[in-house]
Amino acid sequence: MLKPINSTYSFKADTMSVNSVTGEYEDPLMKWPLRGAAFTNEVGEALRPLIGDLATVSWVPALLYIGADVYDKYKNNQTEYSPNSERCLKQAVFQGMASIALPLVAVKFGQNLFSLFGGMEEDKLTYNYKEHVTKTAQQFVANGKMRAYRNNDDECRNAFLDSVNNSLDYRKEKNTEKNPLKKIYRTFEKKTTSALKINSKENIDNFATETIDELILIRKRLLSPTDEFLKTDLYESYKIATDNGQTNNVAVKSVLNSRLHKKMLKGKTVKTIGGFIALALAIKPIDNFVEHVLIGKVINNTIENIDKIKVNKANKSINTQA
């Protein structure tokens, strides 16, 4: 999402980058594959539902590229060494907004928007809510609750439902933060889900009950398998884990966690697609807004006003001395 900004300044670098045929300057930082480094964070964030925290690593090449580009535009005016703070400011604003802030907003909005497609399924829950319940189940398993309630299915089920409800209450409290973008989306989500009649308390409880009941059944089958269950991939994974030295309890947790991960895969894939679609649609509007409105009008006008104030102060100082 990077391109030179049209202004009174040229954002270029060195004499080795002048085209020998046309005589025109060609910014080396705008050439592929180097330019691709500017997109790694956007791609990483779009893939975050699938790759998790690995997406954070994608910010490293992007930030290094952005830092190099901003410094280059401060230091050089095309083929001339000519440090200029205004040129640096404009490029920093452009990179900060067009390569970091606004694309991230677009990706997150696309992911959340496509999460609503989950409400079209039988359980009437968005993928975000399904993922939240499933992640709560992963934590429930990791904390040894399944084993603790192994002799009482009803207590296990009730304990899990309490965990889900408590986590949702905390989520709602957390979402009361004064973040305007979050408020806009939450308002949109609330009205949409209400109109579609999805994400109701009953739907959440039903999905949570189905989730924990499946885990209870799988755990029982792993520890006391039927002839039919012995042929399943679940039991094969359990057997491989125990053969590799894992205890029964650890092997069961591993299989249950894998099962829960697969339950989230569809929703994460849909959200990832939504992030990429939103990013593709937003690229040009973001560039145009940042270049022509934010920088072309707001930043340029601000710089002009500051320059006028400096000139006026200088004139007053001269008149006073005279």
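Along the sequence, the chain runs α-α-β-β-α-α-α-α-α-α-α-α, which comes to 10 helices and two strands. Helices (H or I, at least four residues) and strands (E, at least two) are DSSP runs, numbered from the N terminus. The model is predicted: local features need pLDDT of at least 70, side-chain atom pairs count only at pLDDT 80 or more, and totals for chains, interfaces and linings use all residues. Residues are numbered from 1 along each chain as its sequence is written, and side-chain values use heavy atoms, with hydrogens and water left out.

**Exercise 1.** Classify the aromatic pair of Phe229 and Tyr235.

Solution. Rings of Phe, Tyr and Trp (its six-membered ring) pair if their centres lie within 6.5 Å; planes under 30 degrees apart count as stacked, over 60 as edge-to-face and the rest as tilted. The centres of Phe229 and Tyr235 are 6.3 Å apart and the planes are at 75°, an edge-to-face pair. This is one of five aromatic pairs in the structure.

**Exercise 2.** Are Phe229, Tyr235 and Tyr238 buried or exposed?

Solution. Buried means under 20% relative accessible area, exposed over 50%, partly exposed in between (1.4 Å probe, protein chains only). Phe229 has 11% and is buried. Tyr235, at 16%, is buried, and Tyr238, at 6%, is buried.
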